[in-house]
Every structure is written in structure tokens, then in C-alpha cells.
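Thanks, everyone. Please have a look at the sequence and the model on the screen.

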Amino acid sequence: MSDISKDLALFNELVEGLINEEEKNPVAERIDSNKLYESIDLSLNESAMIDDKFKILLRDVLISTPKTATNLFFNQLFGGRQSKAVLGDLLAVMLNNSMYTYKVAGPQVGIEQEIIRQSCDLVGYGSQSNGTFPTGGSMSNYMALVMARDAKDPMCRLDGMSKPMIIYTSKESHYSNAKNASFTGIGRKNIRYIKTDAKGRMIPELLEAQVIEDLNNGFIPTYVNATAGTTVLGAFDPIDKIADITDKYNIWLHVDGAYCGSVIFSATYKHLVKGVERSNSFSYNAHKMIGTPMTCSIILVNDKKQLHDSFSNEADYLYQTDGDDFNLGKTSFQCGRRNDALKFWTLWKSVGTFGLRKIVEQQFDLAKIALNYIKNNSDYTVYSFDNSISICFNYKNIDPIALCTALYEDQITVVGFGSFEEDTFIRLVTINANNEETDIFNFFKVLEEFVERTPSLTKGVE
């Protein structure tokens with residue numbers, strides 16, 4: 001038996017053990033960070049480890065790692081496990097292609113391009129559109145900003161920054177915008193954070209007023225980042241109204257749909273990104289609402305020329321056969337790039353576009369169940385709104401930070417907290433489409449029972 005066959009057999013054994021463990025204990029036993037290296041042997045030694053000890057160690061590592069696929073993980077903007085997507089990711093690991101040329105990726109190039117073409121059609125982009133798979137949502141936003149900068153000042157690619165460019169985003173947008181302003185040379189001080197309404201959506205009138213003020217002061221409005229699913233409230237900026245402004249003042253419009261941009265698959269919820277076809281670029285993360293393994297991020301551009309102009313670079317040692325349409329390194333940020341498309345393709349191919357729609361809409365159905373439960377229970381205070389899969393609430397006026405921390409430390413459930421304006425609250429994310437109504441009710445049940453047997457949490461609470 002070859003080494004790879006032995007290791008695949010070990011892999012199957014370990015995975016079977018992990019799945020059984022997840023069923024028995026949905027939340028991993030927490031290891032205090034100060035005791036991590038004492039609890040598990042993570043050291044790297046000069047001598048080899050005996051196979052039996054190696055297997056035991058791997059099992060311990062798996063069992064101790066936070067379990068993001070169970071019905072009690074509601075902490076982040078991802079979760080669950082779509083089996084056909086897992087299959088595709090495992091196959092991509094075995095193939096180990098890099099996606100920069102057709103010569104080394106072959107049919108995988110076609111797989112990636114098919115996903116991009118279908119995605120562009122769903123968004124409403126035209127025949128000149130295209131896209132690529134960056135390393136995540138932050139990189140998608142970065143690539144969009146680079147293209148916006150280069151479109152406004154084409155000589156910037158050769159001469160460097162020479163114009164006082166300004167970018168705009170809401171106060172509730174992703175933190176990567178500040179980093180990206182720094183990376184592109186535009187500068188963090190040249191970001192204008194536009195206020196949001198009571199539901200966390202950018203206010204277009206304030207955006208236009210800021211653009212006019214910057215123009216009057218000699219600045220160059222360059223880029224607007226609209227968000228389709230803000231990190232905390234899951235709010236959708238009014239893209240159509242924002243597009244009216246970006247069209248009027250010739251500003252690049254990027255729609256950051258990393259969290260909830262996958263509503264493009266849903267006939268019921270696609271209206272939340274009304275006007276997205278008017279944007280210059282759009283991004284979404286299939287590893288969030290679609291449920292593929294991380295990472296699986298897609299950025300689309302309305303005009304593929306912008307992608308090529310900003311990221312293409314000749315390299316005779318690399319691009320030796322086939323045309324630019326099949327050598328994907330010409331339009332990606334990085335050179336060596338893992339195959340993140342196959343896992344999405346295996347899922348999409350197996351369940352169809354209708355199946356992806358069902359995955360997305362299930363999350364909104366779960367959110368409605370959670371929201372109704374909260375609204376019908378006087379012990380809860382709700383802070384979130386309809387058409388969001390981020391359900392924000394507090395329970396019995398307990399400090400949400402203390403409650404989330406206690407739930408985590410006692411291995412009860414994994415859920416996070418967030419803030420909007422003056423309020424801090426628990427944020428329940430219903431992004432695991434494998435969950436059902438009973439799983440949502442179970443979350444509230446274990447939370448309430450935990451509070452009941454932990455009187456210290458309610459001490460001093462009125």
C-alpha cells in the first residue's frame with residue numbers, strides 16, 4: 001500500500017471520528033489560550049513521530065478545534081458544511097493545480113470561467129464582463145479599489161500617485177476599506193465615512209453632499225464602496241440610488257457583497273441588490289451564504305478591460321501557450337493561486353442554480369424564525385430588522401459581551417456580539433443552511449437554560 005493510500009485511509013478514519021464527535025459534542029472543549037501549548041503537543045521536533053502517536057495527536061487536534069459546521073455555531077459569517085463542495089475541495093487538493101495558466105490547469109480554467117460567466121449573468125453585467133477568484137473578500141475590495149484608482153488616473157500605474165483621490169464608504173462597511181486605502185497609496189485620511197440610517201444603510205443624500213464638498217475643495221472623488229450585507233446588522237445599501245450619484249460624478253461603484261451578495265441566486269431576495277448591474281464591480285463569497293469551504297471569493301467587473309489593465313503583466317517564463325482568455329494569471333492579483341473554483345462548481349453542478357437558491361433562502365427562513373421568537377418573548381430586546389440573516393438581540397438586559405463569553409467558555413454555544421450606534425447586542429448569524437427550525441429553537445433553549453443556572457449573569461440586572 002502506498003503512503004498516499006495509507007494517509008487517505010487515515011484521513012477517512014479521522015473524519016469519521018470528527019463527525020461522530022460533532023454529533024455528541026457540537027461545541028469543542030475550550031482550551032485557554034494561555035494553556036494551549038501545555039494541553040496539546042504542537043512542537044516540531046527533529047525526530048519522526050511514531051504513526052500511532054501521530055494519529056492520536058491528530059485526533060486530539062481535531063477534537064479541540066472549534067467546530068464551525070455544527071448546529072450550535074452561530075458566531076461568524078460562515079458555517080455549516082455542503083458535502084458536494086467539500087468533495088470538490090478535496091479533489092482540488094489532490095490535483096494541486098495552480099490557476100495562472102491553461103498549461104498547468106487545463107479544464108479547471110473552464111470551470112472557473114463558467115462560474116464567472118454565470119455569475120455575471122445573474123448580476124446583469126454585459127458581454128464585456130469577467131472576473132477572477134481572489135483570496136477573500138478583503139482582497140476583492142482591494143482589487144476593486146486598484147481598478148478604480150487606475151481608471152481615474154491611468155498613469156498612476158507607471159508614475160505613482162499624483163492626484164488627491166477620495167473614496168467613500170458607509171460607517172458600517174468592512175474594515176478592509178481602511179487597509180486598502182493605505183495599500184493603494186490613496187491614504188486612510190482620504191476615506192469619507194458616510195453616515196447610515198437607523199437600519200445601517202448608507203444615506204445617499206449625505207454621500208452626494210460629501211462628493212460635492214470634495215469637488216469644491218479640489219479633491220477627486222474616485223471610488224464608492226456600497227455594501228450588500230453589512231458585517232453587524234446585515235444591512236443592504238441602496239445601490240440604485242448610489243449608482244445615480246456615481247453615474248452623475250463619474251465615480252467607480254463597487255458593491256461589496258462578501259457577506260450577502262449571494263442573494264443574486266434568489267428570486268425572492270435579489271431585490272435587496274437592486275441596481276447592482278449598474279456597478280463597475282461586484283464581489284461575493286461563496287464560502288459564506290453558499291456554504292463552500294473557505295476560501296471561495298469572486299470579484300466580477302462590468303468591463304474586463306479594467307481587470308486586464310490593472311493586473312496584467314507579461315512573463316515569458318509563464319505564459320507560453322494559449323491565449324489571454326485561458327491564462328488566468330493575466331487578470332489575477334497573485335501568481336501562484338490555488339483552485340478555489342472546483343468546490344463551488346461541484347456544488348453548483350450537483351444541485352443546480354435552483355439548489356443554490358434554496359440554500360440562500362433557507363437562511364432567510366431561519367432568520368425569520370429567530371426574529372419571530374425574539375419578538376414574541378418579552379425577555380428579549382430586538383435590534384435587527386427584516387431581510388437580514390444577522391439577528392441582533394439582548395436577553396434579560398444581561399451584558400451581551402459577558403453572556404457571549406460565558407457561553408463560549410462553558411462550551412454551550414458559539415455566538416458573537418456586535419455594536420451599532422450606542423447599542424451592543426448578541427448577533428446570531430443564521431448562515432448555516434443545514435440548520436432547521438428545531439436548531440434555532442434549540443439555540444434559544446440552551447441559552448435560556450444556561451442563564452437560568454448561572455445566576456451571576458443576572459446579578460444586579462434590573
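First, the ground rules. This is a predicted model, so local features need pLDDT of at least 70, side-chain atom pairs count only at pLDDT 80 or more, and totals for chains, interfaces and linings use all residues. Residues are numbered from 1 along each chain as its sequence is written, and side-chain values use heavy atoms, with hydrogens and water left out.

Helices here are DSSP runs of H or I, at least four residues, numbered from the N terminus. Two packed helices are described by the angle between their axes and the distance between the axes.

Start with α1 (residues 3-24) and α3 (residues 51-64). Their axes are 10 Å apart, and the packing angle is about 35°. Axes are lines fitted to C-alpha atoms over the stretch in contact, and angles run from 0 to 180 degrees between N-to-C directions. The α1 and α3 crossing is right-handed; that is, the near helix is turned clockwise from the far one by less than a right angle. Who makes the contact (heavy atoms within 4.5 Å)? From α1 come Leu10, Glu13, Leu14, Leu18 and Glu21; from α3 come Lys55, Leu58, Arg59, Leu62 and Ile63. By type, the residues of this contact of α1 with α3 are six nonpolar, no polar and four charged. Nonpolar covers Ala, Val, Leu, Ile, Met, Phe, Trp, Tyr, Cys and Pro; charged covers Asp, Glu, Lys and Arg; the others, Gly among them, are polar.

Next pair: α14 (residues 341-375) and α16. These two pack at about 40°, with axes 9 Å apart. Therefore α14 and α16 are oblique to each other. Oblique is what remains once angles under 35 degrees (roughly parallel), over 145 (roughly antiparallel) and 65 to 115 (roughly perpendicular) are taken out. The crossing of α14 and α16 is right-handed. On the α14 side, the contact has Leu366, Ile369, Ala370, Tyr373 and Ile374; on the α16 side, Glu437, Ile440, Phe441, Phe444 and Glu448. The residues of the contact of α14 with α16 split into eight nonpolar, no polar and two charged.

Now single residues. Stay by α16 (437-452): Thr454 sits in the segment after that helix. Is Thr454 buried or exposed? Buried, at a relative accessible area of 18%. Buried means under 20%, exposed over 50%, partly exposed in between, with a 1.4 Å probe and protein chains only. A polar atom of the Thr454 side chain lies 2.6 Å from the backbone oxygen of Phe450.

Next, Lys288, in helix α12 (residues 286-290). Lys288 counts as buried, at 16% relative accessibility. Which residues does Lys288 contact, leaving aside neighbours within four places in sequence? Leu77, Ala258, Tyr259 and Ile431. Lys288 and Ile431 are 143 residues apart along the chain, yet their C-alpha atoms are separated by 7.1 Å.

Beyond four places in sequence, Arg149 contacts Cys156, Met161, Met165, Thr184, Ile186 and Thr222. Thr184 is 35 residues from Arg149 in sequence and 8.1 Å away, C-alpha to C-alpha.

Last, Ile242, in helix α11 (residues 239-249). Ile242 is buried, with a relative accessible area of 0%. Not counting residues up to four places away, Ile242 touches Met202, Leu207, Val224, Ala226, Asp237 and Leu253.

That's my tour. Over to you.

Notes. Polar contact = N/O pair within 3.5 Å; in protein donor to acceptor, adjacent residues only side chain to side chain. Contact = heavy atoms within 4.5 Å.
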